[in-house]
Amino acid sequence: MKKILFVEDESALQKTFGEILSQEGYEMTSALDGEAGLRLAKLDKPDLILLDLILPKINGFEVLKSLKENKETKNIPVIVLTNLEAMEDIDKAISLGAISYLVKTEYDLEEVLEKIKNIISK
């Protein structure tokens, strides 16, 4: 079973994604802040990370930077799923190593799930 780590501070969104991902045969772990997200990424070595950028403790950009600088986590694909839609945020996340950048308001759950499937099956 493929493991997905969802680093997101909105627990309702985590719950919704958790239910959908488990129905699709994925195991999801979640973190409510950047600090916990980094810890779980190193501990669990997920197959994919869904990462919000606006997070308590450590923001998503710092989490992404740390993930990509660590030899144990640098090869884990990261999809940024956030409400930030400024071009400089998108460019920064991609330059830090995100494989995809999705603005929450522009994608429904099915589209996000398709992105996950496409990336995780590679």
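Reply: Begin with burial: a residue counts as buried when its relative accessible area is under 20%, and as exposed when that area is over 50%, with partly exposed in between. Keep in mind that this is a predicted model.

Me: Is Gln14 buried or exposed?

Reply: Gln14 has a relative accessible area of 7%, so Gln14 is buried. The residue belongs to helix H1. Leaving aside residues up to four places away in sequence, Gln14 touches Phe6, Glu8, Met28, Ser30, Ala31 and Leu32.

Me: Which residues of H1 are buried?

Reply: Gln14 is one of them, and the others are Phe17, Gly18, Ile20 and Leu21. These buried residues pack against strands S1 (3-7), S2 (27-31), S3 (48-51) and S4 (78-82), and also against helix H5 (109-120).

Me: Which residues other than glycine have a positive phi?

Reply: Lys45 is one of them, with a phi of about 45 degrees. Lys45 sits in the loop between H2 and S3, and its relative accessibility is 38%, so Lys45 counts as partly exposed. Lys57 is another case, with phi near 70 degrees. Lys57 lies in the loop between S3 and H3, and at 62% relative accessibility Lys57 counts as exposed.

Me: What describes two packed helices?

Reply: Two numbers are used: the angle between the axes and the distance between the axes. Take H1 and H5, whose axes come within 11 Å and cross at roughly 55 degrees. That angle makes H1 oblique to H5. The crossing is right-handed. On the H1 side the contact is made by Thr16, Phe17, Ile20 and Leu21, and on the H5 side by Leu109, Val112, Leu113 and Ile116. By class, seven of these residues are nonpolar, one is polar and none is charged.

Me: At what angle do H2 and H3 pack?

Reply: Helix H2 (residues 34-44) and helix H3 (residues 60-69) pack at about 20 degrees, and their axes are 9 Å apart. An angle under 35 degrees counts as roughly parallel, so H2 is roughly parallel to H3. The crossing of H2 with H3 is right-handed. Gly34, Leu38 and Ala41 of H2 meet Val63, Ser66 and Leu67 of H3. This contact has four nonpolar residues, two polar and no charged.

Me: Is the crossing of H3 and H4 left-handed or right-handed?

Reply: The crossing of H3 and H4 is left-handed. Helix H4 spans residues 87-96, and the axes of H3 and H4 come within 9 Å, crossing at roughly 20 degrees. That makes H3 roughly parallel to H4.

Me: Which residues make that contact, and how do they divide by class?

Reply: Phe61, Leu64, Lys65 and Lys68 of H3 meet Asp89, Lys92, Ala93 and Leu96 of H4. The contact of H3 with H4 has four nonpolar residues, no polar ones and four charged.

Methods:
Residues are numbered from 1 along each chain as its sequence is written. This is a predicted model: local features need pLDDT of at least 70, side-chain atom pairs count only at pLDDT 80 or more; totals for chains, interfaces and linings use all residues. Side-chain values use heavy atoms; hydrogens and water are left out. Axes are lines fitted to C-alpha atoms, for helices over the stretch in contact, and angles run from 0 to 180 degrees between N-to-C directions. Helices (H or I, at least four residues) and strands (E, at least two) are DSSP runs, numbered from the N terminus. Angles under 35 degrees count as roughly parallel, over 145 as roughly antiparallel, 65 to 115 as roughly perpendicular and the rest as oblique. A crossing is left-handed if the near helix is turned anticlockwise from the far one by less than a right angle, and right-handed if clockwise. Contact means heavy atoms within 4.5 Å. Ala, Val, Leu, Ile, Met, Phe, Trp, Tyr, Cys and Pro count as nonpolar, Asp, Glu, Lys and Arg as charged, and the others, Gly among them, as polar. Buried means under 20% relative accessible area, exposed over 50%, partly exposed in between (1.4 Å probe, protein chains only).
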